[in-house]
Amino acid sequence: MKIATTTSDFGRYCSTDTDRIRELHRTGFRYIDLSMYSLSPASPLMSDDWKNEVKRLKNTADELGMQFVQAHAPGTNYLSPKVTDHAFLQKSVLRSIEVCGALGIPNNVLHFGWAKNLSKEESFEKNRAYCRKFLPTAEACGVNILVENSCQINMGDMYYPNSAADILEFLSYIDHPQVHVCWDTGHANCEGAQYDEIVKLGKELYAIHYNDNYGLSDAHTMPYCGTLNNDELMHALIDADFKGYFTLECGSLLRDAGSWPHKRRSFEKDTRLLAPPLHLQQQAEALMYETAKYILSAYNIFEE
C-alpha cells in the first residue's frame, strides 16, 4: 500500500498548491491528495486560466516524481442557510471534477448536505438530486464521486450517513457505477469500533482518510496521538481487500491559531507563539510519513 497525504497539510503555510506539493515532497510523500475543499472565486482553479494552473500542478508533480491519486471536492454544506451563492458552489464542485479528470485523479470525495429536521429519507432524496448534478461531468471525466462517513459529534441531532449500512443503502438508492465510498477513520473513531464497518463496505471502499483523535472531537491528528486502534484498522483494510492508497488526513497535528473546534486564545501582550512555524510543520509532516510507513511495514504491505 502506498502512502498519500493532502495538500491542506501546508494550507496555511503556502499560498499556492505548487508550493504545498513541494513541501510534501521534502517531507517524504510521493502521492498527493489534492484538496479543493475551500475553492473560492479567487482560487486559480476557478479562474478562466484554470487549465494552465492544472498544467503547472502536473508539471510540478512530474518534476518531483510525484503522482496525484485522489482529491477532495469543495466541502460547503449546500443545505446550510448560510450558503447564498449556490451557483458558485455547484460550479466549484464541477470544476473540482474537471481538475481531477485533467490530472488523472480517479476519486473525488464529496460531502453530503445536512440540515435540521431532515429525515433519513429526505436526506437521501436531496443528496441524490445533488449528486446527479455532477454525474454527467464525472462520467465525461472518468472520475468517481465518493461519499464519506461523518459522526454524531460533528452532526449533533442532524441525520448523516455515519454507518456502513446507511452509506451502502444510499449507494443502492442512487444506483450509479461511479458513486462509491471514502471511509474517514477519525470520524468513525468518534462512533466506536470500526472493523465490521470497514469490512462491510468491501468492494465499495475506494479511498480512506486516515486520522486519529480521542473519540471526543474530530481532531484530525496523526496515528498514535489518540485512541485509534491501528491494528483493528489494518486488519479491516486487509480483510476488506482494500486496493486504494493509505491517505492521511492529519493536517491538524500542529493546530492553527484559529482551527475549529479548538481555537487558541490570544494574549494581548504578545502573539509570537500563537501559531506554529513552518519548520515545525515540516518535521511533523516527516513524522507523519514515518509513522504511516511503520504501520504499513508492520503488516508487510508498505510500497514506495
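A residue counts as buried under 20% relative accessible area, as exposed over 50%, and as partly exposed in between. With that in hand, let's look at some close-ups of this predicted model.

View 1. E98 has a relative accessible area of 28%, so E98 is partly exposed. R95, at 10%, is buried.

**View 2. R56 pairs with D49**. Side chains of opposite charge can pair when their charged atoms come close. Here the closest N and O atoms of the salt bridge are 3.7 Å apart. R56 is partly exposed at 41% relative accessible area, and D49 is partly exposed too, at 35%.

**View 3. K203 and E204 form a salt bridge**. Their side chains meet at 3.4 Å, N to O. K203 is exposed, with 70% relative accessible area, whereas E204 is buried at 16%. Elsewhere, salt bridges that share partners join D49, E53 and R56 into one network. In total, the structure holds 13 salt bridges.

**View 4. Helix α7 has a buried side**. In α7 (residues 164-174), the buried residues are A164, D166, I167, F170, L171 and I174. They cover an arc of only 165° around the axis, so they sit on the same side of the helix. Their packing partners are α4 (120-132), α5 (135-141), β5 (144-148), β6 (179-184) and α9 (195-201). Just after α7 comes D175, with a positive phi of about 50°.

Technical notes: Residues numbered from 1 in each chain as written. Predicted model: local features only at pLDDT ≥ 70, side-chain atom pairs only at ≥ 80, totals over all residues. Heavy atoms only, no water. Buried < 20%, exposed > 50% of the residue type's maximum accessible area, 1.4 Å probe, protein only. Helix = DSSP H or I, 4+ residues; strand = E, 2+ residues; numbered from the N terminus. Arc of directions from axis to C-beta. Contact = heavy atoms within 4.5 Å. Salt bridge = Lys/Arg side-chain N within 4 Å of Asp/Glu carboxyl O.
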